Amino acid sequence: MNISEIKDILENADIFSIDEAVKPFLSDERAGVKKLIEKAYERERKYKAELLRMDKLKEYERKYEEYEYICGIDEVGRGPLAGPVVACSVILPKDCDILYINDSKKLSEKMREELSEEIMDKAIAVGIGIESPEVIDDINILQATFSAMRQAVNGMKVRPTLLLNDAVTIPGIDIRQVPIIKGDAKSISIGAASIVAKVYRDHLMYDYAKEYPEYGFDKNKGYGSEEHIQAIKKYGPTPIHRRSFIKNFV
């Protein structure tokens, strides 16, 4: 059997049957075959490590398993100079099998897009809340973030029985809340919410980039990159800029 055929067999082998898949080739002395076997075992190791990581990521969901609908909530967009703040709330099934969920900032854009689609498909319920730059300027970013979070929770088709929040306690909600520092990297529910919120807001900023191409919103997502700041100085603010955030540049 040539190396290309062996490669096809090992790359398509079931992750739980790697030992059986490589067995016929263990006595093959070709360097290329040995590398393929090593690669297959590395794929198995990485997969098992991810299963362990995801099991740990369900620690809080197990701790509060007596609550029927555990909801993770997170936001994105507190720091940018332009664009809205977006919050997302997610209730996942208790037997959730989505791998690679993590703090959205630790994932590639491609991975976020794929995971967001899978989360939306498998979640029991998802809520999105948005507050505009005008509201951010009017009531400040923290209160606007709380408002977006309340929108997300109140707009869900299933009412949560427990909220797992990324670090904050949201005023004005009569559901028990558990704030978790760096929760998007410690809770599968919060991590899922952070991914969906990030993807949702990024898509909004791509649309704004078409409307205001001088500011590079497709690349900076409204954050204060040097290119963005120079564009504000040259062209002035757009309707989606937060006036309270750009006082030093205008």
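Colleague: Why is Arg112 called buried?

Modeller: Buried means under 20% relative accessible area. Arg112 has 10% relative accessibility, so this residue counts as buried. Bear in mind that the model is a predicted one.

Colleague: Where is Arg112 placed, and which residues is Arg112 in contact with, leaving aside neighbours within four places in sequence?

Modeller: Arg112 has its place in helix α5, residues 109-122. With those neighbours left aside, its contacts are Ser104, Leu107, Ile195, Lys198, Val199 and Asp202. Contact here means heavy atoms within 4.5 Å.

Colleague: Why is Lys221 called buried?

Modeller: The cut-off for buried is under 20% relative accessible area. Lys221 has a value of 11%, and therefore Lys221 is buried.

Colleague: What makes the phi of Lys221 worth a remark?

Modeller: Phi of Lys221 is positive, about 55°, although the residue is not a glycine. Lys221 lies in the loop between α9 (217-220) and α10 (226-235).

Colleague: Why is Asn140 called partly exposed?

Modeller: Buried is under 20%, exposed is over 50%, and partly exposed is in between. The relative accessible area of Asn140 is 39%, so Asn140 is partly exposed. Its phi is near 85°, a positive value in a residue other than glycine. Asn140 lies in the loop between α6 (133-139) and α7 (141-154).

Colleague: Now the sheet. In what order do the 5 strands stand?

Modeller: The order is β3-β2-β1-β4-β5. The sheet is open, and the pairing is mixed.

Colleague: Why do β3 and β5 stand at the edges?

Modeller: β3 (125-131) and β5 (177-180) each have a single partner strand, so one side of each is left without a neighbour in the sheet. As for the angle between neighbouring strands of this sheet, they are turned by 20° against each other on average, direction ignored.

Colleague: How do you know that β4 and β5 are paired?

Modeller: Two strands pair if DSSP finds at least two bridges between them. Strand β4 (residues 162-166) is joined to β5 by 4 bridges, and the two run parallel. Asp166 stands opposite Ile180 in β5.

Colleague: Which strands does α7 lie across, and which does α8 lie across?

Modeller: Helix α7 lies across β1 (70-76), β2 (85-91), β3 and β4. It runs at about 150° to β3. Helix α8 (residues 188-211) lies across β1, β2, β3, β4 and β5, and runs at about 40° to β1.

Conventions. Residues numbered from 1 in each chain as written. Predicted model: local features only at pLDDT ≥ 70, side-chain atom pairs only at ≥ 80, totals over all residues. Heavy atoms only, no water. Buried < 20%, exposed > 50% of the residue type's maximum accessible area, 1.4 Å probe, protein only. Axes fitted to C-alpha atoms, helices over the stretch in contact; angles between N-to-C directions.
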